[in-house]
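Biologist: Hey, I've just been handed this one and I'm new to it. Can you walk me through it?

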Amino acid sequence: MRTPVIRAVSKFVRDRGGATVLEFAIMGPVVLVVLFGLFDVAIALFVKSNFTHAVNAAAREVYIDPDRTDSEIKKSIDDALTRFSNQVTTDVSTASQGALEFKVIAVTMVYNYKTPFLNLAPVVLEGESRAPILDYSID
């Protein structure tokens, strides 16, 4: 004959009511970190797309309006990218190839991942675009 203590222990061992809570306590944080990591990668791809667009748009502005100053080009890029990172470096220079002069726009930006509990290294985005400096005046 079983004693009441043995019956209580036996009933406790067979009961599976708390198994779901225990499984969630183990797997829940892992699933959440992976989910936030996927969101962070998606945001990083969005930032890279906007970064590339900002560099190409600045080159397009030079192509359309060759009289734009270097500070106007830098301001255009900074306005487009400062919402993503405050570590944006823009270098605008002039280069020539044969008889044609180009504005060379080189941009570097540091993107920091924001997923909690993952100490991922920052990503350095680099882009360069060249735009010919054309004279649209009619002689």
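Biologist: Where is Arg-7 found?
Modeller: Arg-7 is in helix H1, which covers residues 4-14. Keep in mind as we go that this is a predicted model.

Biologist: Got it. Is Arg-7 buried, exposed or partly exposed?
Modeller: Arg-7 counts as partly exposed, because its relative accessibility is 45%.

Biologist: OK, and which residues gather in a patch of negative charge?
Modeller: That surface patch consists of Asp-65, Asp-67, Glu-72 and Asp-135.

Biologist: Where does Asp-135 lie?
Modeller: Asp-135 sits in the segment that comes after strand S3, and S3 spans 123-132. With 64% relative accessibility, Asp-135 counts as exposed.

Biologist: Switching to salt bridges. How many are there?
Modeller: The count comes to 3.

Biologist: Let's go through them. What does Glu-61 form a salt bridge with?
Modeller: Its partner is Arg-68, and the closest N and O atoms of that pair are 3.1 Å apart. Glu-61 has a relative accessible area of 26%, so it is partly exposed.

Biologist: And Asp-70, what does it bridge to?
Modeller: Asp-70 pairs with Lys-103, with 2.7 Å between the closest N and O atoms. This pair links distant parts of the chain: Asp-70 is in helix H3 (residues 70-81) and Lys-103 is in strand S2 (residues 100-111), 33 residues apart.

Biologist: Is Lys-103 buried or exposed?
Modeller: Lys-103 counts as buried, because its relative accessibility is 10%. Asp-70 has 29%, so that one counts as partly exposed.

Biologist: Which side chains meet in the bridge at 2.9 Å, N to O?
Modeller: Those are the side chains of Lys-75 and Asp-79. The two residues are 4 apart in helix H3, so about one helical turn separates them.

Biologist: Are Lys-75 and Asp-79 buried or exposed?
Modeller: Both Lys-75 and Asp-79 are exposed.

Biologist: New topic, then: aromatics. How many aromatic pairs does a search of the whole structure find?
Modeller: It finds 2 aromatic pairs. Phe-46 and Phe-84 form an edge-to-face pair, with 5.8 Å from centre to centre and 80° between the planes.

Biologist: Where do Phe-46 and Phe-84 lie?
Modeller: Phe-46 is in helix H2 (residues 19-64), while Phe-84 is in the loop between H3 and strand S1 (88-97), so the pair ties together parts that are 38 residues apart in sequence.

Biologist: Which way do they go on exposure? Is Phe-84 buried or exposed?
Modeller: Phe-84 counts as buried, because its relative accessibility is 16%. For Phe-46 the value is 46%, so that residue counts as partly exposed.

Biologist: And the Tyr-111 and Tyr-113 rings, why is that pair edge-to-face?
Modeller: Because the planes of Tyr-111 and Tyr-113 are at 80°, and planes over 60 degrees apart count as edge-to-face. Their ring centres are 5.5 Å apart.

Biologist: Is Tyr-111 buried or exposed?
Modeller: Tyr-111 counts as buried, because its relative accessibility is 4%. Tyr-113 has a relative accessible area of 25%, so it is partly exposed.

Biologist: What separates the C-alpha atoms of Ile-64 and Arg-83?
Modeller: They are separated by 26 Å, with the two residues 19 apart along the chain.

Biologist: And for Tyr-136 and Ile-64, what's the separation?
Modeller: The C-alpha atoms of Tyr-136 and Ile-64 are 9.3 Å apart, and these residues are 72 apart along the chain.

Biologist: Where is Tyr-136 found?
Modeller: Tyr-136 is in the segment after S3. It counts as partly exposed, because its relative accessibility is 47%.

How values were computed
Residues are numbered from 1 along each chain as its sequence is written. This is a predicted model: local features need pLDDT of at least 70, side-chain atom pairs count only at pLDDT 80 or more; totals for chains, interfaces and linings use all residues. Side-chain values use heavy atoms; hydrogens and water are left out. Patches are made of residues with over 30% relative accessible area and no salt bridge: like charges are joined within 9 Å, nonpolar side chains (Val, Leu, Ile, Met, Phe, Trp, Tyr) within 5 Å. Accessible areas come from the Shrake-Rupley method with a 1.4 Å probe; for residues, only the protein chains shown count as cover. A salt bridge is a side-chain nitrogen of Lys or Arg within 4 Å of a carboxyl oxygen of Asp or Glu. Lys and Arg count as positive and Asp and Glu as negative; His and the chain ends are not counted. The place of a charge is taken as NZ of Lys, CZ of Arg, CG of Asp or CD of Glu. Buried means under 20% relative accessible area, exposed over 50%, partly exposed in between (1.4 Å probe, protein chains only). Rings of Phe, Tyr and Trp (its six-membered ring) pair if their centres lie within 6.5 Å; planes under 30 degrees apart count as stacked, over 60 as edge-to-face and the rest as tilted.
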